[in-house]
Amino acid sequence: MSPVPERSAGTGLSHPLVERLRAAAPILTVPVLMLLALPATGDPSAWVTLTLAGLAMGMMIFVMASGLTLVFGLMDVLNFGHGAFVSIGAFVGASVMLWLSGLLDPGGVTLHLAAILPAMIAAMVVTGALGVGFEKIIIRPVYGQHLKQILITMGGLIVAEQLIYVFWGPDEIPLPRPDALRGALVFGDVAVEKYRLFAVVLGLAIFLAMHLLLARTKIGLLIRAGVENGEMVEALGYRIKRLFVGVFVVGSALAGLGGVMWGLYQEVITAQMGMEIMVLVFIVVIIGGLGSVEGCFLGALLVGLMANYTGFLVPKLALGSNIFLMVLILMWRPQGLIPVAKR
Amino acid sequence: MVRWLLSGDYPRGLALNLGIAAIVLALLFAPFLFPGTRALNTAATICIFIVLVASYDLLLGYTGIVSFAHTMFYGIGAYGVAILLQRYGASWGAVFAGLGFGLAVSVLLAFVIGLFSLRVKAIFFAMVTLAVASAFAILASQLSGLTGGEDGLTYRVPRMLTPAFRLMDEQLLGVTMNGRIIAYYLVFVVSAVAFLVMMRIVNSPFGRVLASIRENAFRAEALGVRTVVYRSLASCLAAGFATLAGALMALWLRYTGPDVTLSFTIMVDILLMVVIGGMGTMYGAIVGAAAFILAQNYLKDLMGHMAEATAGIPVLPDLLHPDRWLLWLGLLFILSVYFFPTGIVGRLRKSRQA
């Protein structure tokens, strides 16, 4: 046995700066991707627009994906039905928005600005409540059985999608954004779309809130400990199952919120939107490292940026580029950008 | 002879024997028993889906891998045949070239996906395949020069398989012996052979190794089985059979488009058929595919009548709307994962043993 620690073995290059760079490598991927895209797009104002669009998309995906990754980390549950909460949140939010806008501004063509916040809250409440039921009925009986989890949550997704058709009809619902969130702020020759700015701010706020909750509170400590070693947390007398239900509910509510944000972004909602977004969400969760919130955030930004840059440069490869990104990152770090230490 | 054909793996159980026999006989004599285009179409779809579902069962039921890219391989087979038939005219050469090309692409793709995702964690595979399959579906609809985009491809098949071709002038048992009958029997025979080959595979030592990986991958590894190699092989094999099914579908439908080959709905259908029929039993594919496709084609009619009958009650007619049949099958799916994890076939077998 060599007494030399593994790190300083090997090359003699372990300069403190190199070490710090290596530790920061996952975080650096985002600015590196942005810088690489600058010469590729060739036009700084287009680059700003694309970068903001990418960040906005990334934030929205993060809002939807964060719950999934925590649920997996904490309880080893992979919820394929997560997309159902996105769709349901979007539909509940849309109903509330259309109803409130009708009350506040009869005869208006677009949604009313004041209707958005109540709609988001309503969507989160409904999807959170559904999360309680989903966890009890669908997920609890299949703890620890990955195969059955995948199958049964998939079944839940199918049923949820069909129920949306039952209650809201088979047609897609248009969601015209309020005028205040339409159009762009123009600085010189750089146009910054308002809604994207709004999405970035909201997403960043959620990330910061989540980060503070996880890093600074006792519940956050327990969640992080549970992700790392659930049995030990239980042995210390905490009811990890209850914690898990809480995380599941919050994750579902965030998915619902993400659904509303995404619906307003696209200005139209369909019952299959959850399933479509799940593809991106899975890529994000894999890139970030299953169970890691920070990784999920980085992954979401990478995916959002990549999708927008390639959408501009080579439109035909927009989704393919994300697969490529995933393969690249898995080759570099098979466990994702920020792997979670599991027992 | 029968034993050799079925590789010694009988359905087991009286009800199951009779049921399987009834389905197979009905399919064998379908053109004579159930005249009409719609019935023949249903029968051919069942044959093709039996192969598709059985090949998926090879992955899910026998090896314990969840893949969401199965329709991608199915689509590759269909598009391979479709593109070559459209480009180079209706010849058998184009059909076989398309099939061969499709098989090569599928197996290679399955191998690459397996290489990347089967090593890391089995659960990655489900997510990676989902992502790759959806990217492929989008790619197929965007490369409209090659694939016809959203509209798909319509093409002519070899003349022997068209309704204009007459095998004999007289009718046989009241059925005109035209090229569609030949096409149906081509589908039937190829499907039957593919199914029996898969039976042979799962009952070979190779199949036992797959099952051992499903039961306990860690232990299999400890016994010296290179699980990654076997998982990748199973995934390539399943991809190959799915490609074959796709090629048959392309020949039968004379049309290939994203909705009939690549859509996620079909993936969900396959999943439902495997689970409801019975995972890990090849016969589950027969029962599942037959039950599901019959339901798909005829349950809608029934639900339409029920919706009309309940027209006065609030939510009920919406729940019974013919387009909502997937809702009921979805519920059935969840219930069967809970209570009958081995599906209809496993259930019938168990009741015999008890």
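Two residues are in contact if their C-beta atoms, placed from the backbone, lie within 7 Å. This briefing uses that term for a predicted model in which chain A and chain B meet, with 31 residues of chain A and 33 residues of chain B taking part in the contact. Chain A holds 12 helices and 4 strands. Its radius of gyration is 21 Å, close to the 20 Å given by the globule rule for 343 residues, so chain A is as compact as a globular protein of that length.

**Chain A as a whole**

- Along the principal axes, the C-alpha atoms of chain A fill a box of roughly 80 × 55 × 35 Å.
- Of the 343 residues in chain A, 48% count as buried.
- When contacts in chain A between residues at least 6 apart in sequence are considered, 76% of them join residues at least 24 apart.

**Confidence in chain A**

- Chain A has a mean pLDDT of 83, and 93% of its residues reach 70 or more.
- Over residues 1-11 of chain A, pLDDT stays under 50.
- For residues 1-11 of chain A, the model has 3 contacts beyond four places in sequence.

**Helix 1 of chain A**

- Helix 1 of chain A covers residues 16-41, which makes 26 residues.
- From its first C-alpha to its last, helix 1 of chain A reaches 35 Å, close to the 38 Å expected at 1.5 Å a residue.
- At Ala25(A), shortly before the proline Pro26(A), helix 1 of chain A has a kink of about 70 degrees.
- Pro26(A) is itself buried, as are Thr29(A), Val30(A) and Ala37(A) in helix 1 of chain A.
- An α-helix has 3.6 residues a turn, so residues three or four places apart point the same way.
- The cover over the buried residues of helix 1 of chain A includes helix 2 (44-75) and helix 11 (293-313) of chain A.
- Gly42(A) follows helix 1 of chain A and has a positive phi, near 80 degrees.

**Helix 10 of chain A**

- Helix 10 of chain A runs over residues 273-288 and has 16 residues.
- The reach of helix 10 of chain A from first C-alpha to last is 22 Å, close to the 22 Å expected at 1.5 Å a residue.
- A kink of about 25 degrees in helix 10 of chain A is centred on Val279(A).
- Helix 10 of chain A is largely enclosed by the rest of the structure, because 15 of its 16 residues are buried.

**The side of chain B that touches chain A**

- The contact takes 33 residues from chain B.
- At least two residues of this side come from each of helix 7 (122-142), helix 14 (264-277), helix 16 (316-319) and helix 17 (325-339) of chain B.
- Helix 7 of chain B gives the most to this side, with 13 residues.
- By type, the residues of the side of chain B that touches chain A divide into 26 nonpolar, 4 polar and 3 charged.

- Met267(B) lies in helix 14 of chain B.
- Met267(B) has 24 other C-beta atoms within 10 Å and is therefore buried.
- Leaving aside residues up to four places away in sequence, Met267(B) touches Phe68(B), His70(B) and Thr71(B).
- Although Met267(B) and Ala69(B) are 198 residues apart along the chain, their C-alpha atoms are separated by 7.8 Å.

Technical notes:
Residues are numbered from 1 along each chain as its sequence is written. Chains are lettered from A and ligands numbered from 1 in the order in which they are written. This is a predicted model: local features need pLDDT of at least 70, side-chain atom pairs count only at pLDDT 80 or more; totals for chains, interfaces and linings use all residues. The expected span of a helix is 1.5 Å times one less than its number of residues. The bend at a residue is the angle between axes fitted to the seven residues ending there and the seven starting there. A residue is buried if 20 or more other C-beta atoms lie within 10 Å of its own, exposed if 12 or fewer, and partly exposed in between; C-beta atoms are placed from the backbone. Ala, Val, Leu, Ile, Met, Phe, Trp, Tyr, Cys and Pro count as nonpolar, Asp, Glu, Lys and Arg as charged, and the others, Gly among them, as polar. The radius of gyration is taken over C-alpha atoms; the globule rule is 2.2 Å times the number of residues to the power 0.38. pLDDT is the predictor's confidence in each residue, from 0 to 100.
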